[in-house]
Amino acid sequence: MSGFRTLLYKEVLRFWKVSFQTVAAPVITALLYLLIFSHVLDSHVQINGVRYTAFLIPGLVMMSVLQNAFANSSSSLIQSKVTGSVVFVLLPPISYVEFFLAYMVAAMLRGLMVGVGVLAVTGWFAPLGFFVAPAWILVFAVSGGSIMGSLGMIAGIWADKFDQLAGFQNFLIMPLTMLSGVFYSIHSLPIFWQRVSHFNPVFYMIDGFRYGFFGVSDVSPGASLAVVALSFLVVALTTLALLRSGYKLRY
Amino acid sequence: MGVAISIRQVVKDFGSLRALDGVSLEIAEGEFFGLLGPNGAGKTTLISCLAGLVRPNSGSLSVMGCDVLADYREARRRLGVVPQELVFDPFFSVRETLRIQSGYFGLRNNDDWIDEILENLDLTAKADTNMRRLSGGMKRRVLVAQALVHKPPVIVLDEPTAGVDVELRQGLWHFVQRLNREGHTVILTTHYLEEAEALCNRIAMLKQGRIVALDTTSNLLARFSGHTLNLRLVNGEELPDSLRSRATQNNGMWVFRLTGFDEIEGVLAEIRLAGCVIEDLRLSQTDLEDVFVGVMQGVDFIQGGEAR
């Protein structure tokens, strides 16, 4: 597993060397969301008996975990494909499983790092109360980050150019994460959109994660975990199949 | 000596293009082998098949007896490839790059060997410089270093001296020749024929995905024995018909292969009789370029040297 270890180290070192962009910047973005939305809504809205700012914080944390996990593996792969430096990881004796695990775990770690950062700067703005069920928090953060890290690999392998990757990000990842109940409880939606939201796997990641903070959620955390586990399986197996076939990596 | 590289009936199609058309080749341990051919002949595709970057449609390849697909881990451990493109990872310094590359091959604490490679490639002063800040020549050296971190018994250099200054080229060859003397098998693709002539003891020529010549360098040169007469006629005139079949064309010059100097007289006489005027005339020793041009134009001098 030395290939895995080194590749993981390299991937973590890669984002850490530019942590100003890869960790600090998304933390600032999340902080801006919080400042604006809590300014407008905090005194008017309560969700599930929780003040709006407190409700929003776990959502922002999880959204940052997910978006950054996706960004890490996808941008690393597309960059090394476009510059050609991907040969350095294709020439050595690294199995496709090691390859998969290294990129996924590195992406998940970046997601967690950003998530911890967002929590650290936003946690001051509301009494979270909180950490009712820390195990759920960890389980959903890790599995959500892994799913998005894996999905980022698919996007990075599939895309030949940066604008194709941007399309994947803007037209799939952004809507899935923004419309997943980060900013609202889906119970506030018309019944049709509530139903639609139930088809969005990201909704279950956010909802389960939030349960860990407040002990209340739209769906039971067990059901959310089942959906998340199934999503992980589908995405991970797809990624493994792509890597195994050498799709767009080994011709 | 054992077999370092074995390539059997390899076919590779890219869409409707047949890049490799049944290539078979064996390279013995310790050889300094040259792979020549024009652009698009399939040299890089063949090397990529060997490295596992390209999967052949049919046929098989092995490195030191290890199949590159079935036993890819062992095969890749035994192979070091210097890619043709000047690629680098902009996030890391030279030393970081080499340490990471070592780790991929399961080598930790590889610093002694890394230092030795850096020293030999004149990179010691740049060890802690970020890759992004190196000149093209320096990046090329790091590519060579990366291919050597795991001390592979077989080293493949895919046009390593393209766009590299003379000093580096000589330094590089010096180092590679030393590795070859120490027992490493070296495979080189190059456009610089004089390089192949000076370095390689055996040469294969590829054309449109097929091996069209395969022999020791000295045999190839000998087969094209003696001298060549190169001449150009005024205003680019055509040769008289009687001579046309004996000559090949290269850069606007007509090239005659001579087995003895007495043939010159006959050639000149025919030209005079045909009323042509010679603008330029040179007599030269055969070099690999003549062989190469001849092979690529389909002149048959592969007597007995058929690809195995």
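**Entry 1: strand β3 of chain B**

I started with strand β3 (residues 32-36) of chain B. Five of its five residues are buried, so the strand is largely enclosed by the rest of the structure. I noted the cut-offs: a residue is buried if 20 or more other C-beta atoms lie within 10 Å of its own, exposed if 12 or fewer, and partly exposed in between, with C-beta atoms placed from the backbone. Strands (E, at least two residues) and helices (H or I, at least four) are DSSP runs, numbered from the N terminus.

This is a predicted model, in which local features need pLDDT of at least 70, side-chain atom pairs count only at pLDDT 80 or more, and totals for chains, interfaces and linings use all residues. Residues are numbered from 1 along each chain as its sequence is written, while chains are lettered from A and ligands numbered from 1 in the order in which they are written.

Which way do the residues of β3(B) point? I found B:Phe32, B:Gly34 and B:Leu36 pointing one way, and B:Phe33 and B:Leu35 the other way. In a regular strand the side chains alternate between the two faces of the sheet.

Next I looked up the partners. Two strands pair if DSSP finds at least two bridges between them. Strand β8 (residues 185-189) of chain B is joined to β3(B) by four bridges, and the two run parallel. There, B:Thr189 stands opposite B:Leu35. Strand β9 (residues 202-207) of chain B also runs parallel to β3(B), again with four bridges. B:Met205 in β9(B) is the bridge partner of B:Leu36.

**Entry 2: strand β6 of chain B**

I moved on to strand β6 (residues 79-82) of chain B. B:Leu79 and B:Val81 point one way, B:Gly80 and B:Val82 the other, and all are buried. Four bridges tie β6(B) to strand β7 (residues 154-158) of chain B, in parallel. I looked up B:Gly80 and found B:Ile155 as its bridge partner in β7(B).

**Entry 3: an open sheet in chain B**

I then traced a sheet of four strands. It is open, its order is β2-β1-β4-β5 (chain B), and the pairing is antiparallel. Which strands stand at the edges? They are β2 (17-28) and β5 (66-67) of chain B; each has a single partner strand, so one side of each is left without a neighbour in the sheet. I checked one edge. Strand β4 (residues 58-63) of chain B is joined to β5(B) by two bridges. B:Asp67 in β5(B) stands opposite B:Ser62.

I looked at helix α1 (residues 43-51) of chain B. Nine of its nine residues are buried. Among them are B:Lys43, B:Leu46 and B:Cys49. Just after this helix, B:Gly52 takes a positive phi of about 80 degrees.

I also noted the division of chain B into domain 1 (3-216) and domain 2 (226-285). Such bounds come from an automatic or database domain assignment. The centres of these two domains, taken over C-alpha atoms, are 40 Å apart.

**Entry 4: chain A**

I counted elements next. Chain A has ten helices and two strands. Of its 251 residues, 48% count as buried. Its C-alpha trace spans about 60 × 35 × 35 Å along the principal axes.

I picked helix α9 (residues 201-214) of chain A. Its 14 residues reach 21 Å from first C-alpha to last, close to the expected 20 Å. The expected span is 1.5 Å times one less than the number of residues. In α9(A), 13 of the 14 residues are buried, so the helix is largely enclosed by the rest of the structure. Just after α9(A), A:Gly215 takes a positive phi of about 75 degrees.

Buried or exposed? A:Ser64 has 28 C-beta neighbours inside 10 Å, so it counts as buried. Two residues are in contact if their C-beta atoms, placed from the backbone, lie within 7 Å. Leaving aside neighbours within four places in sequence, the contacts of A:Ser64 include A:Pro26, A:Ala30 and A:Val118.

**Entry 5: where the chains touch**

Last, I looked up the interface. How many residues of chain B are in contact with chain A? I found 23, and they contact 22 residues of chain A. On the chain B side, α2 (72-77) and α3 (94-104) are the elements that give two or more residues.
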